[in-house]
Amino acid sequence: MAGSGTAHLRPAEDALLHAEHIVVEFPVGRSGLKVNAVSDVSLDILEGETLGLVGESGCGKSTTGRAILQLYKPTAGEVKFDGVELTRLGGEDMRKMRRRMQMIFQDPYRGARRSGPRPRAGTGSSAARVLRRAVPAHLDRPCRRHGAEVDPL
Ligand SMILES: Nc1ncnc2c1ncn2[C@@H]1O[C@H](COP(=O)(O)OP(=O)(O)OP(=O)(O)O)[C@@H](O)[C@H]1O
Ligand SMILES: [Mg+2]
């Protein structure tokens, strides 16, 4: 996921999650080559908001989530959760913080038929449909009411 920039970010102090310029590179054996799994992704989530990452297979959605949770150490970038910079936390502090965070993966079993995007539907309505299934009603009412309220980045 490349070059999302930072123009869409709200003030860091307003956000529950604020991630800037996340880069994740995986080494390819000892070849000196690397896989650029995530290239400069920035995103934020305010309390009560839901963010869905949508994109083709292999574009870096899961790696972005794992890097935010510090399950993979980001090669570069900053991740603040509730005002705490996660990239600098030690193991025990991070474990405590992780209890408050989780990703919701698209269910691969129900995948294309029930929770995945439909080839003929637009991106916005596909994303809204997936979120309506994944998000409990009390957490994100606008998203459940109107697909049109899913904002593309
Ligand atoms: N542990 C790893 N080591 C090396 N490369 C990896 C590793 N994990 C992911 N990659 C590579 O990083 C890129 C992004 O993978 P990622 O799994 O984040 O994509 P995704 O968007 O979640 O895909 P999908 O929709 O299939 O779940 C891919 O090229 C993948 O092959
Ligand atoms: Mg994935």
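Biologist: Happy to look at this predicted model with you! Over how many bridges do β1 and strand β3 pair?

Modeller: Strand β3 covers residues 76-81, and β1 pairs with β3 in the antiparallel sense. Within this pairing, L17 stands opposite F81. The number of bridges between β1 and β3 is five.

Biologist: And which residue in β2 stands opposite A19?

Modeller: Here we turn to another partner of β1. Strand β1 (residues 17-27) and strand β2 (residues 34-45) run antiparallel and are joined by nine bridges. In β2, the residue opposite A19 is L43.

Biologist: Which residue takes a positive phi in the hairpin of β1 and β2?

Modeller: That hairpin has six residues between the strands. One residue there has a phi near 55 degrees, and that residue is G29.

Biologist: Now to the ligand. Which element gives the most to the shell around ligand 1?

Modeller: The residues around ligand 1 include F26, V35, A37, K61, S62 and T63. By type, the shell divides into four nonpolar, six polar and one charged. Both β2 and α1 (61-68) supply at least two residues each. With three residues, the element that gives the most is α1.

Note on methods. Residues are numbered from 1 along each chain as its sequence is written. Chains are lettered from A and ligands numbered from 1 in the order in which they are written. This is a predicted model: local features need pLDDT of at least 70, side-chain atom pairs count only at pLDDT 80 or more; totals for chains, interfaces and linings use all residues. Two strands pair if DSSP finds at least two bridges between them. Helices (H or I, at least four residues) and strands (E, at least two) are DSSP runs, numbered from the N terminus. A residue is near a molecule or strand if its C-beta atom, placed from the backbone, lies within 6 Å of it. Ala, Val, Leu, Ile, Met, Phe, Trp, Tyr, Cys and Pro count as nonpolar, Asp, Glu, Lys and Arg as charged, and the others, Gly among them, as polar.
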